[in-house]
Amino acid sequence: QTSKNQISTETNNMGNPLTRVSGDSQSQNEGDDNKITEKSGISDSYQSTTLSFSGDQTLISQLPSPQKTDLVINKLGCFYSYRAGKPFKRLLQEYDDLIETLIQFNFTNQRGGLPILKVSKYDMMEIRLLYRWKREVYSAICRETGEIINRVELGSDGKDLIISHEIHGWRELDLIAKFCTDVHIDIPENRLSEVEETLRQLRTLAIIVSLHFRYENEHLNFDIELSAPKPQNMAKLHEIFDDEKELSHIVDWTQFHISPIPVQVSMSLTNERATCCFTFYIFDCEAEYNSRIALSAFEFYGLPIPECFEKLLNDTSTEEILVKFQLQQLEGLTSISVSFPAISPEAETKFFRSLPDEETKSHKWNLFKHLMASTSIYKNSFEMAKDGFKLHVAHEFGHQSTLSSLLCP
């Protein structure tokens, strides 16, 4: 904010202070035509005080008494506004730190911590895409709101990478659609409008935008997912997803237990086959019983529970667990995952010992955690999918909210 304002103070005919602001001021938010040219100290009289907004002048003294207060509050509220969250520069720095960490992870030998001589073209594609995302989407979002939480998640096989932004007070999905067009990523016909309508019906104040990178068969798959993190009731979900037949089976599972409540709905924006995820929160019982409820989701679908995961969950003492069901068009259920706050190093070691190619995967996992040491662990999750099972860890880049003026990002 740069300002060349001259401020002088005098009194009006009622003896109340009247502050006049003259000169010019330049706002960082371009296109803001509303500029206040005179401001007054607010008193009971408001005599002979004029507010000017884009040439629309209103003489306060001409208004009935109840409208005087409303006008001053509403008008001045437009200019003395604050945004909750983090400053603009801090949000950009968080994203830069995230990309720098991923560069170190991708361009470092997983075993010895030494630079590698040959860089995968897919690693380069991933980094270029993330930098472009920052320029065309993320920066624009940061200008609109400071309430953003950034997270990065890695799968234990080293092939899954998820970067997500939890955003409050933002809904300009056309910006994401334009990004997809620019980088030649197709959005299936009508998918954007369907996702927008679903978010509207879910009435969520926040959304989570997730970028999914998956290395598979010498190819990099990329998908954008939009999530609504808000508790719902099953009747509402049935109303919105009335064509999702598999959802009725999930409802059957919840009816066997007291506590599971739906807390998040996720939808793929770019996947050729429409994909939905429904996440349930288990919290109402003791840790051991909550673990049994989570394991029952696998048993309900007849999926074998790996011994390593059962031990992992038993070694994790937590009364809060999330269970996520992923459904895909034409295929039905494609994966189930269970999330919990943290796991002990001993439990991690036992898990990796049960995996094929355990040494390589363990080194990747430990390198990632080492590079993320300055961040906080958001969650761990175990996923059982059609291609096997894996462990995920998600780290969070700062979650503190501060109150900062829009004029001083």
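Among contacts in the chain between residues at least 6 apart in sequence, what percentage join residues at least 24 apart? The share is 64%, where contact means heavy atoms within 4.5 Å.

The views below come from a predicted model, in which local features need pLDDT of at least 70 and side-chain atom pairs count only at pLDDT 80 or more, while totals for chains, interfaces and linings use all residues. Residues are numbered from 1 along each chain as its sequence is written, and side-chain values use heavy atoms, with hydrogens and water left out.

**View 1. The whole chain.** The chain has eleven helices and 19 strands, these being DSSP runs numbered from the N terminus (helices H or I, at least four residues; strands E, at least two). Of its 409 residues, 46% count as buried, a term that stands for under 20% relative accessible area, with exposed meaning over 50% and partly exposed in between (1.4 Å probe, protein chains only).

**View 2. The buried face of helix α7.** In α7 (residues 245-254), the buried residues are Glu246, Leu247, Ile250, Val251, Trp253 and Thr254. Seen down the axis of α7, these residues fall within an arc of 155 degrees, so they line one face of the helix; the arc is that of the directions from the helix axis to the C-beta atoms. An α-helix has 3.6 residues a turn, so residues three or four places apart point the same way. The packing partners of the buried residues of α7 are α6 (234-240), β14 (275-282), α8 (287-300), β15 (321-328) and β16 (332-340).

**View 3. Helix α8 between two helix contacts.** The axes of α7 and α8 come within 10 Å and cross at roughly 135 degrees, which makes α7 oblique to α8, since angles under 35 degrees count as roughly parallel, over 145 as roughly antiparallel, 65 to 115 as roughly perpendicular and the rest as oblique. Here axes are lines fitted to C-alpha atoms, for helices over the stretch in contact, and angles run from 0 to 180 degrees between N-to-C directions. In this pair, His249, Asp252 and Trp253 of α7 meet Ile293, Ser296, Ala297 and Phe300 of α8. With helix α9 (residues 307-314), α8 packs at an angle of about 160 degrees, the axes being 10 Å apart, and α8 is therefore roughly antiparallel to α9. Ser291, Arg292, Ala294, Leu295 and Phe298 in α8 meet Phe309, Glu310 and Leu313 in α9.

View 4. Asn290, placed in helix α8, is buried with a relative accessible area of 0%. Not counting residues up to four places away in sequence, Asn290 touches Ile282, Phe283, Asp284, Cys285, Glu319 and Ile321. Leu98, in helix α2 (residues 88-106), is buried with a relative accessible area of 0%. Leaving aside neighbours within four places in sequence, Leu98 is in contact with Arg151, Val152, Ile163 and Phe397. The C-alpha atoms of Leu98 and Glu396, 298 residues apart along the chain, are separated by 9.8 Å.

View 5. Most residues other than glycine have a negative phi. His184, which is not a glycine, has a positive phi of about 65 degrees; His184 lies in the loop between α4 (173-182) and α5 (191-202) and is exposed, with a relative accessible area of 71%. Arg203, likewise not a glycine, has a positive phi near 55 degrees; Arg203 is found in the loop between α5 and β11 (206-215) and counts as exposed at 60% relative accessibility.
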